[in-house]
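Thanks for coming, everyone. Let me put the structure up, and then we'll walk through it.

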Amino acid sequence: MSRVFNFSAGPSTLPLPVLDKVNEELIDYNNSGMSVLELSHRSFEFEEIINACEMLLRDIMNIPSNYRVLFLQGGASSQFSMVPLNLFSTYKRALYVDTGTWSDKAISEAKKYGNVEIIASSKDKKYNYIPRFNLTDFETNVDYFHITTNNTIEGTVYDYIPETNGYPLVADMSSDILSKHYDVSKFGLIYAGAQKNLGPAGLTVVIINEELIGNELEICPTMLSYKTHSKANSLYNTPPTFSIYVTKLVLEWIKSLGGIPEIEKMNLKKANNFYTYLDNSNLFSSPIQKEFRSLMNIPFTTENEDMDKEFLSLANNLGFKNLEGHRSVGGLRASIYNAMPIEGVNDLIQLMSDFENKTLGR
Ligand SMILES: *Cc1c(COP(=O)(O)O)cnc(C)c1O
């Protein structure tokens, strides 16, 4: 068996111990004589899995007891509509910060159900920073305030949590949930597609303050109502059972490493190594302003399209996969989520450095 270093933005690399465990248990889960893939979502075995998954997430993220944890489908993209459908309860108005492709999509969707004000945007500089804003410029009452904590495509991350004057703060945390410490109590609602940092595709996790449940718009479909899933403990209909099972294993892996404090240290080290190299390189550079650089998604470029392609092809041949930048921004991008080992990052840096020496020497 040979494994490559997979720098994909999502679905992305999973921890090898987790894949080994899945492999070991795949055909006969816990002496049930059945695969997890075959277990009823109403079975005792599966109830144990989903409960353990929730408990682990609560423990690792220190989720307060007045928050519900929901295991849903539809991806983070479905949350772009679920959030306004459920939270436009009083003013039908929300504030959004525009920090890239995903927040832009969230904004377009919310506009279908109410008024959206873009309180700040970094579009003027190709989204290479996180904009500041003044809440007092927007005195109208709003139902919530939406941010995208980590911008997967552009490679930026908030260096602070915005103060929202008591409006519930809603965060798309798809690409940096569990990458570093977040104080859940500062948010009204957090959502994340699992396939970046939590587990496999198919599962979407929502962490929501109980107060925000139960005031959905009349037109809100039953399946898109947080109340539906909260009342049924995420078993209203068939949940993505296998993804929940693998996510539980990922959470066990995180816990075994020492939880978020240790994970955050590892992520800082990986990202620091990468940015230090980029900032000292005479060939590669980062387009992102220093204070806002993502620990998870690192765009970089030689600023020469042909040379980027030459490096991409060299890297690909040597087992460094999926380093192309998102099709909307071009260049190169390394996604180095929790499960990317530091060897993957250091070996990539070495490869870039060798390529740089060869290129500049010729
Ligand atoms: C990947 C991603 C999405 C889209 O997720 P899906 O699960 O594919 O719908 C939304 N927001 C962010 C920040 C992402 O990284």
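Start with Lys 92, which sits in the loop between α3 (75-87) and β3 (93-98). Helices here are DSSP runs of H or I with at least four residues, strands are runs of E with at least two, and both are numbered from the N terminus. Lys 92 is not a glycine, yet its phi is positive, about 50 degrees.

A word on the source. This is a predicted model, where local features need pLDDT of at least 70, side-chain atom pairs count only at pLDDT 80 or more, and totals for chains, interfaces and linings use all residues. Residues are numbered from 1 along each chain as its sequence is written, and side-chain values use heavy atoms, with hydrogens and water left out.

Next, another loop. Pro 11 is in the one between β1 (5-6) and α1 (16-25). The peptide bond joining Gly 10 and Pro 11 is cis, with omega about -10 degrees.

Now the ligand. Which residues are closest to the ligand? They are Ser 77, Thr 152, Asp 172, Gln 195 and Lys 196, out of 13 that surround it. To count, a residue needs a heavy atom within 4 Å of the molecule. Ser 77 has a polar side-chain atom 2.6 Å from a ligand oxygen. For Lys 196, a polar side-chain atom also lies 2.6 Å from an oxygen atom of the ligand.

On to salt bridges. The rule is a side-chain nitrogen of Lys or Arg within 4 Å of a carboxyl oxygen of Asp or Glu. That gives 12 salt bridges. One of them pairs Arg 132 with Asp 159, with the closest N and O atoms 3.1 Å apart. This pair links distant parts of the chain, 27 residues apart. Arg 132 is in the loop between β4 (115-121) and β5 (144-148), and Asp 159 is in the loop between β7 and β8 (169-172).

Last, the domains. Domain 1 covers 17-256 and domain 2 covers 259-360, with bounds from an automatic or database domain assignment. Their C-alpha centres lie 27 Å apart.

Polar contacts, however, join 12 residue pairs across the two domains, both residues at pLDDT 80 or more. A polar contact is a pair of N or O atoms within 3.5 Å; within protein, one must be able to donate a hydrogen and the other to accept it, and residues adjacent in sequence count only if both atoms are side-chain atoms.
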